[in-house]
Amino acid sequence: PVIDPAEKEALRRARISHANAGKVPWNLGRKHSQETKDKIREKTKAAMSRPDVLASYQEGVQRYRESDQGKVHKEETKAKITSTLKAVHARKRKENGIEEPEPGAPKPPRVRKPKVVLEDG
């Protein structure tokens, strides 16, 4: 059977992804040397002087800024979040043996830990 090159590539990538799942990358936690950082900085400056790269970067920044502007949860979603959080807190209070507060009762005052003062010497 003849497989489309795009499908073949997707299958190859899926196999690689599956094989690498759960493995720790060899470079995890390693830091770039100062020489490498300088090379990256130099190449980035050179690329940003190209109009096409700069335009693409600015477009991405604009999309990022717009993606987070003016988005709010719907009232239905807010209600779901509220009910879920109330259930979680009620379960935790029950597990820790804390009494359920009466509806409309004032909140108890917060108990703050005293500041620890270390004496010199």
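Modeller: We can start with arginine 12, which has a relative accessibility of 43% and so counts as partly exposed. Bear in mind that this is a predicted model.

Colleague: Which residue does the side chain of arginine 12 meet in a salt bridge?

Modeller: Arginine 12 lies in helix 1, which covers residues 5-20. The N to O distance of the bridge is 2.8 Å. The partner is glutamate 9.

Colleague: Is glutamate 9 buried, partly exposed or exposed?

Modeller: Buried would require a relative accessible area under 20%, and exposed would require over 50%. Glutamate 9 has 29%, so the class is partly exposed.

Colleague: What is the N to O distance in the salt bridge between glutamate 35 and lysine 39?

Modeller: Both residues belong to helix 2, residues 34-48, and sit four residues apart, about one turn of the helix. Glutamate 35 is exposed, as is lysine 39. A salt bridge is counted within 4 Å. For this pair the distance is 4.0 Å.

Colleague: Why can arginine 91 and glutamate 95 be described as about one helical turn apart?

Modeller: An α-helix has 3.6 residues a turn, so residues three or four places apart point the same way. Arginine 91 and glutamate 95 are both in helix 4, residues 75-95, so the separation of about one helical turn follows from their spacing of four residues. Their side chains meet in a salt bridge with an N to O distance of 3.0 Å.

Colleague: What is the exposure class of glutamate 95?

Modeller: The cut-off for exposed is over 50% relative accessible area. Arginine 91, at 44%, is therefore partly exposed. Glutamate 95 has 57%, so its class is exposed.

Colleague: How far does helix 4 reach from its first C-alpha to its last?

Modeller: Helix 4 has 21 residues, and at 1.5 Å a residue the expected span is 30 Å. Just after this helix, glycine 97 takes a positive phi of about 70°. The reach of helix 4 is close to expectation, at 30 Å.

Colleague: How far apart in space are glutamine 58 and alanine 47?

Modeller: Glutamine 58 is found in helix 3, residues 51-67. With a relative accessible area of 46%, glutamine 58 is therefore partly exposed. Eleven residues separate glutamine 58 from alanine 47 in sequence, and the C-alpha to C-alpha distance is 13 Å.

Colleague: How many of the residues lining the largest pocket are charged?

Modeller: The largest pocket holds about 180 Å³ of space. Its lining consists of Pro101, Glu102, Ala105, Pro106, Lys107 and Pro108. Four of these are nonpolar and none is polar, while the charged ones number two.

Colleague: In which helix is confidence lowest?

Modeller: The protein averages a pLDDT of 90, and 98% of the residues score at least 70. Helix 2 has the highest confidence, at 97. The lowest, at a mean of 91, is in helix 3.

Terms used:
Residues are numbered from 1 along each chain as its sequence is written. This is a predicted model: local features need pLDDT of at least 70, side-chain atom pairs count only at pLDDT 80 or more; totals for chains, interfaces and linings use all residues. Side-chain values use heavy atoms; hydrogens and water are left out. On a 1 Å grid over the protein atoms alone, a cavity is a set of points where a 1.4 Å probe fits but cannot get out, and a pocket is an open set with protein on both sides within 12 Å along at least five of seven lines; lining residues have an atom within 4 Å of a point. Grid points are joined across faces, edges and corners, and a volume is the space filled by probe spheres set on the points. Ala, Val, Leu, Ile, Met, Phe, Trp, Tyr, Cys and Pro count as nonpolar, Asp, Glu, Lys and Arg as charged, and the others, Gly among them, as polar. Helices (H or I, at least four residues) and strands (E, at least two) are DSSP runs, numbered from the N terminus. Buried means under 20% relative accessible area, exposed over 50%, partly exposed in between (1.4 Å probe, protein chains only). pLDDT is the predictor's confidence in each residue, from 0 to 100. The expected span of a helix is 1.5 Å times one less than its number of residues.
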